[in-house]
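Here are my notes on the model you sent. Please read them with the structure open.

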Amino acid sequence: MKPETGVDRLNTLLESYLKIRRDSEKICEGLSAEDCQLQAMPDVSPPKWHLAHTSWFFERFLLRTGPDPTPPIPPLYDHLFNSYYETAGSFPPRAQRGLLSRPGLDEVIAWRHDVDRRILELSSDEKQGELHNSQILEIGLHHEQQHQELLLTDIKYNFFMQPFQPALGTTRNRKTDAHAPALRWERLPEGVHTIGHVKETFAFDNERPAHRIYINPVALASRPATNGEYLDFIRAGGYRQVELWLSEGWNWVRAHHLQQPLYWHYDDHHGWRQFTLHGWESLAMHEPVCHLSYFEADAFARWCGARLPTEQEWEVFARRRPLTGHFFDFSDLHPAPAHDDASQVYGDVWEWTSSSYAPYPGYQPLAGSLGEYNGKFMVNQYVLRGGSCATPWQHIRPSYRNFFPATARWQFTGVRLAKDLL
Ligand SMILES: [Fe+2]
């Protein structure tokens with residue numbers, strides 16, 4: 001096979017660039033300019049901000065750093081659409097992103113297209129000479145894919161809080177009578193394994209370096225827990241049994257009067273329903289349960305006589321399985337029951353692990369401002385694995401580490417049980 005040249009690689013990246021940039025705008029096609037302005041809580045961002053910030057990333061880290069840098073964008077854009085890069089300048093508080101009634105949505109879209117035009121121009125020049133910055137172009141693409149998932153989860157939360165509770169998607173043909181496969185316990189091979197990103201292909205710095213770990217006797221559930229199984233936990237009084245909860249989780253559940261996952265609702269007329277990107281739907285018992293916090297996933301696992309897997313156990317389990325599942329590209333943006341006997345280790349729901357988000361042995365952040373991408377968040381968060389129905393398929397891999405605080409539940413977050421065999 002002919003070896004890939006720098007120009008081949010750039011062409012492949014540019015094809016991905018055009019598709020990924022288009023996909024972000026497609027997600028927002030059904031939204032009005034007013035919808036794109038919503039920020040229903042500090043953790044979510046307005047869709048317009050996502051569309052602008054992803055352009056800022058290319059503008060700030062690629063277009064402005066080449067041998068012939070383009071003139072800087074208006075200084076206020078630089079401030080408004082920087083998320084958290086202290087070494088790249090100032091940025092507004094996250095909770096104030098909803099104040100950005102200006103620039104308008106049309107201006108943001110026009111800026112996006114201008115960035116696209118200049119990226120293509122720059123790439124065309126680069127084909128003539130040394131290819132530098134392709135690494136940043138690639139990071140920018142994976143960054144935008146992360147924001148595509150956030151766009152979907154943030155729109156879902158905004159619409160849930162909006163008085164009309166609109167739907168993003170149209171009504172779907174859902175098989176409410178589909179069955180999840182019976183749960184089996186699958187034993188991992190005890191001993192030394194390697195985890196972390198081992199290939200030359202793209203990975204974020206937090207997935208490196210690959211290193212060895214030891215797996216003790218343990219079994220993981222063959223599929224994620226379902227809505228029906230979680231409903232059993234609720235009906236058994238799971239939210240009222242202090243002994244099931246971590247102390248901080250118990251205080252949090254009581255302070256917020258929580259009795260079910262986010263987006264679930266019960267009334268005598270409809271029974272149990274959940275809010276989805278397609279509006280309100282009856283709760284399908286065999287779909288994977290989602291929108292759980294770490295605290296809820298942990299209490300549920302304890303009630304089951306099990307525990308959450310560590311991220312090392314999860315990765316050893318996942319590496320033995322094909323990278324298939326319900327993703328953004330092929331799903332209707334909601335978790336679905338497994339086909340046949342599939343493990344659903346990828347797609348559908350991010351799976352909470354009991355592992356604190358921490359650097360791997362020998363971790364090295366990227367040089368420069370992009371060193372702020374991951375490393376500085378390695379405290380007070382837990383690792384989630386596997387991707388969800390809102391994750392682009394090409395974005396996920398066995399070593400991928402997502403991370404959120406223990407109370408976060410607006411992402412598509414679920415649970416796979418683990419059991420010690422000692
Ligand atoms: Fe970002």
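This is a predicted model: local features need pLDDT of at least 70, side-chain atom pairs count only at pLDDT 80 or more; totals for chains, interfaces and linings use all residues.

1. Helix 1 (residues 6–27) packs on helix 5 (residues 134–161) with the two axes 10 Å apart and an angle of about 20° between them. Angles under 35 degrees count as roughly parallel, and helix 1 and helix 5 are therefore roughly parallel to each other. The crossing of helix 1 past helix 5 is left-handed.

2. Which residues make the contact of helix 1 with helix 5? On the side of helix 1 they include Leu10, Leu13, Leu14, Tyr17, Ile20 and Ile27, along with Arg9, Arg21 and Asp23. On the side of helix 5, Leu137, Leu141, Leu151, Leu152 and Ile155 are among them, as are Glu138, Glu144, Gln145 and Gln148. Sorted by class, the contact of helix 1 with helix 5 has 11 nonpolar, 6 polar and 5 charged residues.

3. Helix 5 also packs with helix 2 (residues 47–63): their axes come within 9 Å and cross at roughly 170°. Angles over 145 degrees count as roughly antiparallel, which makes helix 2 roughly antiparallel to helix 5. In the contact of helix 2 with helix 5 there are 13 nonpolar, 7 polar and 2 charged residues.

4. How many disulfides does the structure hold? The number is 0. A disulfide is a covalent bond between the sulfur atoms of two cysteines. For Cys28, the closest cysteine sulfur is that of Cys36, at 5.1 Å, which is too far for a bond; the cut-off used is 2.5 Å. Cys28 is buried, with a relative accessible area of 6%.

5. Cys290 is likewise in no disulfide, and the nearest cysteine sulfur to its own, in Cys389, is 6.6 Å away. Cys290 is buried, at a relative accessible area of 2%.

6. Ala338 sits in the loop between helix 9 (311–318) and strand 8 (350–356). Is Ala338 buried or exposed? Its relative accessible area is 8%, and the limit for buried is under 20%, so Ala338 is buried. Leaving out residues up to four places away in sequence, Ala338 touches His179, Pro181 and Gln344. Gly325 is 13 residues from Ala338 along the chain, and the C-alpha atoms of the two are separated by 8.4 Å.

7. Two backbone features deserve a look. Most residues other than glycine have a negative phi, and most peptide bonds are trans. Arg102 and Pro103 are joined by a cis peptide bond with omega about 0°, and Pro103 is in the loop between helix 3 (75–80) and helix 4 (105–128). The peptide bond from Arg208 to Pro209 is cis as well, with omega near -5°. Pro209 belongs to the loop between strand 2 (191–195) and strand 3 (211–215).

8. Where is Gln165, and what is its phi? Gln165 lies in the loop between helix 5 and strand 1 (185–187), and its phi is near 45°, a positive value in a residue other than glycine. Gln165 is partly exposed, with a relative accessible area of 26%.

9. His291 is not a glycine, yet has a positive phi of about 65°. The loop that holds His291 runs between strand 7 (279–282) and helix 8 (294–303). His291 is buried, with a relative accessible area of 1%.

Methods:
Residues are numbered from 1 along each chain as its sequence is written. Side-chain values use heavy atoms; hydrogens and water are left out. Axes are lines fitted to C-alpha atoms, for helices over the stretch in contact, and angles run from 0 to 180 degrees between N-to-C directions. Helices (H or I, at least four residues) and strands (E, at least two) are DSSP runs, numbered from the N terminus. Angles under 35 degrees count as roughly parallel, over 145 as roughly antiparallel, 65 to 115 as roughly perpendicular and the rest as oblique. A crossing is left-handed if the near helix is turned anticlockwise from the far one by less than a right angle, and right-handed if clockwise. Contact means heavy atoms within 4.5 Å. Ala, Val, Leu, Ile, Met, Phe, Trp, Tyr, Cys and Pro count as nonpolar, Asp, Glu, Lys and Arg as charged, and the others, Gly among them, as polar. Buried means under 20% relative accessible area, exposed over 50%, partly exposed in between (1.4 Å probe, protein chains only).
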